[in-house]
Amino acid sequence: AEALLKRLGHQATGQAGSYANGAAVLRSIVAQALGPSLATQIIISDGSGLSRGNRVTAEVLVEWLAHLQEQDEAVAELFFESLADGAETGTLRKRFKRIKVQGTVDAKSGYMSGMSCLTGYVTSKQGRRAAFAVLVNDIPARVPIAKAKALQENVARILGDYLARQDAANPIATVPSGE
């Protein structure tokens with residue numbers, strides 16, 4: 001990821017790739033896609049997902065995921081398929097066992113000492129999809145990480161309940177196969 005950030009900086013500027021020019025390009029991309037106010041909500045010190053110097057708000061993550069859905073459908077679907085399935089695959093295989101979500105959860109989890117994050121989508125049975133991000137930082141050492149995970153899973157459950165109510169109130173018309 002660090003090399004990709006530097007490559008992005010080189011590709012856009014023609015200069016030697018660096019964290020600084022890669023971060024500037026990334027902020028520019030976010031500003032163009034989501035608006036300049038959201039671009040100010042990210043801090044990029046390097047390209048690593050394991051660096052405490054990198055910061056992003058939940059708002060930026062949710063807006064980026066929503067924006068991705070509205071763009072090139074093939075790219076959006078490839079990204080969506082790369083996410084772990086709640087209670088089934090990847091880092092979410094052991095999650096969502098006790099807390100049942102109406103619909104499905106496809107997300108990316110992140111963990112470092114003192115923090116836990118879950119970002120992705122909840123999709124209703126009728127196909128309504130909503131993005132979410134729950135970032136829990138500065139967890140005291142005496143507090144089990146399971147509490148943060150339970151909070152994240154409850155947010156997904158509440159979102160699933162909301163989407164199920166939307167499905168009931170406003171059914172999505174389906175096209176019969178072959179038409």
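Student: What share of contacts in the protein chain between residues at least 6 apart in sequence join residues at least 24 apart?

Tutor: That share is 43%. A contact here means heavy atoms within 4.5 Å. Before we go on, this is a predicted model, where local features need pLDDT of at least 70, side-chain atom pairs count only at pLDDT 80 or more, and totals for chains, interfaces and linings use all residues. Residues are numbered from 1 along each chain as its sequence is written, and side-chain values use heavy atoms, with hydrogens and water left out.

Student: How many helices and strands does the protein chain have, and what makes a run count as one?

Tutor: There are six helices and six strands. Both are DSSP runs numbered from the N terminus: a helix is H or I over at least four residues, and a strand is E over at least two. Reading from the N terminus, the order is α-α-α-β-β-α-α-β-β-β-β-α.

Student: Why is His67 called buried?

Tutor: Buried means under 20% relative accessible area, exposed means over 50%, and partly exposed is in between, using a 1.4 Å probe and protein chains only. His67 has a relative accessible area of 18%, so the label is buried. You'll find His67 in helix 4, touching Ala33 and Leu34 once residues up to four places away in sequence are set aside. Over the 179 residues of the protein chain, 34% are buried.

Student: And how do you know that Ala76 is buried?

Tutor: Same test: the relative accessible area of Ala76 is 12%, so Ala76 counts as buried. Ala76 sits in helix 5, residues 73–82. Leaving out neighbours within four places in sequence, its contacts are Leu68 and Gln69.

Student: Why is Ala87 called partly exposed, and what is its phi?

Tutor: With a relative accessible area of 24%, Ala87 gets the label partly exposed. Its phi is near 65 degrees, a positive value in a residue other than glycine. Most residues other than glycine have a negative phi. Phe96 also has a positive phi, near 65 degrees, but Phe96 counts as buried, at 5% relative accessibility. Ala87 is in the loop between strand 3 and strand 4, and Phe96 is found in that loop too.

Student: Why are helix 1 and helix 2 called roughly perpendicular?

Tutor: Look at their axes, which are lines fitted to C-alpha atoms, for helices over the stretch in contact, with angles from 0 to 180 degrees between N-to-C directions. Under 35 degrees is roughly parallel, over 145 roughly antiparallel, 65 to 115 roughly perpendicular, and the rest oblique. The axes of helix 1 and helix 2 come within 7 Å and cross at roughly 75 degrees, so the two are roughly perpendicular.

Student: What kinds of residues make up the contact of helix 1 with helix 2?

Tutor: They divide into eight nonpolar, five polar and two charged. Nonpolar covers Ala, Val, Leu, Ile, Met, Phe, Trp, Tyr, Cys and Pro, charged covers Asp, Glu, Lys and Arg, and polar covers the others, Gly among them. Residues taking part include Leu5 and Leu8 in helix 1 and Val25 and Leu26 in helix 2.

Student: What makes helix 4 and helix 5 oblique?

Tutor: Their axes also come within 7 Å, but cross at roughly 130 degrees, and helix 4 and helix 5 are therefore oblique. Here Leu65, Leu68 and Gln69 in helix 4 meet Val75, Ala76 and Phe79 in helix 5. That contact has five nonpolar, one polar and no charged residues.

Student: Last one: what makes a group of residues a nonpolar core, and how many residues does the largest one have?

Tutor: A nonpolar core is a set of buried Ala, Val, Leu, Ile, Met, Phe, Trp, Tyr and Cys residues joined through side-chain atoms within 4.5 Å. The largest has 17 residues, and Val105, Val122, Phe132 and Ala156 have the most contacts inside it. Strand 4, strand 5, strand 6 and helix 6 each supply at least two of its residues. Apart from it lies another core of nine residues, including Val30 and Ile42.
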